[in-house]
Structure formats: structure tokens, C-alpha cells
Amino acid sequence: MAKVLILMGSDSDFDVIKKATGIFKELDISFEIDICSAHRTPDRAKKYAEEAEQRGTEVIIAAAGMSAHLAGFMAAHTTVPVIGVPIASGALNGFDALLSTVQMPPGVPVATVGINGAENAAYLACEILSLKYPEIKDKLKQKRKEMYTKVLEKSEK
């Protein structure tokens with residue numbers, strides 16, 4: 001049973017999203033990853049959203065470029081928290097994806113990170129999970145300490 005469901009609109013999004021999978025592996029958080037399009041496979045996407053809670057999914061990360069409706073589509077069909085990752089692609093290099101992901105109507109929120117912000121999506125998912133799982137909170141605190149130390153080490157150089 002995966003705590004986090006990661007959906008990509010296309011396999012070309014994997015180069016960005018693999019940064020999130022690395023964080024989940026490092027922090028030992030279960031995840032599932034798949035390709036699912038709001039436009040090309042809407043029935044499949046709807047099924048993922050509607051069955052998320054009964055599958056044990058506690059956070060959904062949806063990454064897509066261009067029109068980027070995947071995160072909003074998922075949020076429209078579940079109350080499981082959805083984090084959108086706009087992917088840089090197309091003529092507008094991700095700006096269209098950012099706007100499509102962040103501009104949701106009241107009552108159907110999507111937490112949105114920056115363009116290609118898979119790492120922050122993973123950390124945000126961990127923070128959401130840490131409200132329920134103290135061990136994840138502890139791992140996040142340790143990770144922040146490591147980040148702090150790395151900055152100080154670079155500063156000394």
C-alpha cells in the first residue's frame with residue numbers, strides 16, 4: 001500500500017519526477033508511479049482518483065506539461081490532497097502548465113510547486129504525511145539539519 005501516488009501525464013515527465021522518487025526512497029516512504037493522462041486516458045485517471053483513498057493513497061502528486069490538467073482532474077475526483085508539478089515543455093516552457101495547475105476554482109484546491117519542482121512536491125507530500133506519521137516528521141527534521149550543515153560547509157569554503 002503506497003502512501004504517495006505519483007502520476008505523470010507522459011513518460012517524458014519522468015526525468016523531472018525522478019527527483020521526487022529519490023527523496024521518497026531516501027526517506028523510506030512508499031510510493032507508486034504511473035503514466036496517466038487527463039486527456040488521453042480520462043477513465044483511467046478518474047479511476048485512480050476515485051479509488052485513491054481505498055487503496056491507501058494519502059497524497060497524490062500529478063505532473064504534467066502544457067495544458068497540465070492532470071492535477072486539477074485528480075483533485076476534482078478525490079479529497080485526497082493533490083500536489084501539482086507543472087512540467088517545462090512546449091512553446092511557453094512550462095508557464096502554461098503552471099497557470100493551468102495553480103488556477104483552480106474555489107473548493108477544488110491543488111497545491112502547486114514551481115515549474116519542474118518535483119523535489120518540493122516530494123517534500124510537501126512528506127510534510128503532509130508527517131502530520132499523521134511522527135517518524136516522517138523526524139526524518140524531515142533530520143533532512144533539514146543536513147541541509148543546514150551543507151550550507152554552512154559551503155559558506156566556510
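# Briefing: a parallel sheet and its surroundings

Thr57 lies in the loop that runs between helix 2 (42-51) and strand 3 (59-65). The model described here is predicted. Its sheet is open and has five strands, with parallel pairing and the order 2-1-3-4-5.

**Thr57**

- Thr57 is buried, because its relative accessibility is 6% and the cut-off for buried is under 20%.
- Leaving aside residues up to four places away in sequence, Thr57 touches Ala2, Lys3, Leu5, Ala52 and Val80.

**The sheet**

- Strands in a sheet are held in pairs by backbone hydrogen bonds, and a pair can be parallel or antiparallel.
- In the order 2-1-3-4-5, the edges are strand 2 (31-35) and strand 5 (111-112), each of which pairs on one side only.
- Helix 2 packs on this sheet and touches strand 1 and strand 2. The direction of helix 2 makes an angle of about 165° with that of strand 2.
- Strand 1 (residues 4-8) pairs with strand 3 in the parallel sense, over five bridges.
- Two residue pairs illustrate the link to strand 3: Val4 has Val59 as its bridge partner, and Ile6 has Ile61.
- Strand 3 is also joined to strand 4 (residues 82-87) by six bridges, and these two strands run parallel. Ile60 has Val82 of strand 4 as its bridge partner.
- Strand 3 is largely enclosed by the rest of the structure, because six of its seven residues are buried.

**Helix 6**

- Helix 6 covers residues 134-156, which is 23 residues.
- Ile136, Leu140 and Lys143 are buried residues in helix 6.
- The cover over the buried residues of helix 6 includes helix 1 (14-26) and helix 5 (118-130).

**Val113**

- Val113 is located in the loop between strand 5 and helix 5.
- With a relative accessible area of 11%, Val113 is buried.
- Val113 and Val85 are 28 residues apart in sequence, but their C-alpha atoms are 5.8 Å apart in space.
- Val85 is one of the residues that Val113 touches when residues up to four places away in sequence are not counted.

**Ring contacts**

- Two numbers describe a pair of aromatic rings: the distance of the centres and the angle of the planes.
- The structure holds one aromatic pair, formed by Phe24 and Phe31. The ring centres are 5.9 Å apart and the planes make an angle of 35°, and the pair is tilted.

Definitions and conventions:
Residues are numbered from 1 along each chain as its sequence is written. This is a predicted model: local features need pLDDT of at least 70, side-chain atom pairs count only at pLDDT 80 or more; totals for chains, interfaces and linings use all residues. Side-chain values use heavy atoms; hydrogens and water are left out. Rings of Phe, Tyr and Trp (its six-membered ring) pair if their centres lie within 6.5 Å; planes under 30 degrees apart count as stacked, over 60 as edge-to-face and the rest as tilted. Helices (H or I, at least four residues) and strands (E, at least two) are DSSP runs, numbered from the N terminus. Buried means under 20% relative accessible area, exposed over 50%, partly exposed in between (1.4 Å probe, protein chains only). Contact means heavy atoms within 4.5 Å. Two strands pair if DSSP finds at least two bridges between them. Axes are lines fitted to C-alpha atoms, for helices over the stretch in contact, and angles run from 0 to 180 degrees between N-to-C directions. The expected span of a helix is 1.5 Å times one less than its number of residues.
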